[in-house]
Amino acid sequence: MFTIELDIFSGRPNPVWTLTDKQEQELVERLAATPSLLRPLNTSVARLGYRGYIVSALSEESVTDKRSKKVSLPSQFRIGGAEDADADAALWLLDTSDQRDSEVDADLHDTTRQSILEPQEAPARDDTLEKEEFDTSHTKGLFMRCSSNLLTSSTNFSFWNSWPYIAQNNCYNFASNYRSNTFARPGRAAGRPARQPFDCYSVRRALNADGWSERCVLGWNITSCLVIWPGYDFHFYRLCANGIWCHKAGSTPARNYDNSGRLIFNPVTCNRGFYTVFCGYQYANQYISVR
Amino acid sequence: MTQNTVELDIFSGRPNPAWRLSEAEGVRLITMLKALPVMSPKVLPEVLGYRGFIVCMATPTAPRHTCVRIYGGTVSPHDSAGEAWRADPDRRIEYFLLKTAKPWIEESLYTIVAQAMQSHKQ
């Protein structure tokens, strides 16, 4: 048996489904006819959005094609996602997601189908284009599951929500898990404070000056993400216990719900009000400077 | 003489805009506040974005600031002093404070706040 994972999301888990026996047989036939469809697991295209499929075998049983020839397949491999990938196979795999209780709803199906038919080229990895990349896609810093994480309670905010600390600490203090009582600003401790008008690029640069990284760091990782109210303000969310994201809006109490009153499991899709631009994730340990 | 500072509670990362009321504005505010009926406390929505105005008042006889939040038809305590909740169903104080904000905040932000007040249901 094979499971198919649609590799498309960044913050939330990808949709996964299991092929039926008939679908499994067809997959084997397609791979036997076009072996180049099969790509190693580590050949992911580094971009946000559709990146192909990850196929995983649920058992080590060998499979056969219709000519009863044994086909040897890796336990995990990729299909689709490359610019020259076979769109027909990718579209067929997408249609196999049409199952009861499928995590691939009509909108996601259509978006993926469009991405397969009109693939976007991966951005050039040229540092001189860094600002342009921010301006066009805004997002930099993918969500990573770090091996060591500093996760505070997602329900008890008493450390933050008492006077006078509640008024003296903002979203950046909360994101850094550091109560400086200075209404902290990214970059201020490093002498390079973020300035208006705020955008992903300028705030991210200030974060880097304070010691934040776009990858997991050594030690206990604090995972946070940056969002922007274009031209006016910035805001942060921090990953807390049980996969819930928490935040503190200015001098208001720290909390675990969004503007719709819902628990935040995904800061990308939660209701963020005016803060419409999602800039990506950043990571730090206790050695960052925040003031 | 009273000194009343007003803060537009709207930002998260950067400090909120704040300004001082003129003496005439301060007197009018106190008069309006005194006329409001007391109400039972209720849960105010904590949101990203517009959250009303925070007014802090001090007088020579009571130099310790007392701060209240004016938002969505209510006046609620905004510090540990524990002032009583008051009802302002027509949101007259909120609109009055918005008017005093005009010289102190960007025009585009003023428009955003005015729209947020219109769309906010009590």
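I began with the surface of chain B, which exposes about 6100 Å², carbon and sulfur atoms supplying 56% of it; accessible areas come from the Shrake-Rupley method with a 1.4 Å probe, and for residues only the protein chains shown count as cover. I note that this is a predicted model, in which local features need pLDDT of at least 70 and side-chain atom pairs count only at pLDDT 80 or more, while totals for chains, interfaces and linings use all residues. Residues are numbered from 1 along each chain as its sequence is written, chains are lettered from A and ligands numbered from 1 in the order in which they are written, and side-chain values use heavy atoms, with hydrogens and water left out.

Chain B, continued. I looked up its secondary structure and found 3 helices and 6 strands, in the order β-β-α-β-β-β-β-α-α along the sequence; helices (H or I, at least four residues) and strands (E, at least two) are DSSP runs, numbered from the N terminus. Of the 122 residues in chain B, 52% are buried, that is, under 20% relative accessible area with a 1.4 Å probe, protein chains only.

Chain A. Of the contacts (heavy atoms within 4.5 Å) between residues at least 6 apart in the sequence of chain A, 65% join residues at least 24 apart; for chain B the corresponding share is 56%.

The interface. I recorded 21 residues from chain B and 27 residues from chain A in the contact. The area buried between them is about 1900 Å², with 57% given by carbon and sulfur atoms; buried area is the accessible area (1.4 Å probe) that two parts lose on being put together, summed over both. R14(B), E46(B) and L48(B) supply 37% of what chain B buries against chain A, more than any other three residues. Helix α3 (residues 107-119) of chain B gives the most to the side that touches chain A, with 3 residues.

Polar pairs. I counted 14 residue pairs in polar contact between chain B and chain A, both residues at pLDDT 80 or more; a polar contact is a pair of N or O atoms within 3.5 Å, where within protein one must be able to donate a hydrogen and the other to accept it, and residues adjacent in sequence count only if both atoms are side-chain atoms.

Key: Buried means under 20% relative accessible area, exposed over 50%, partly exposed in between (1.4 Å probe, protein chains only).
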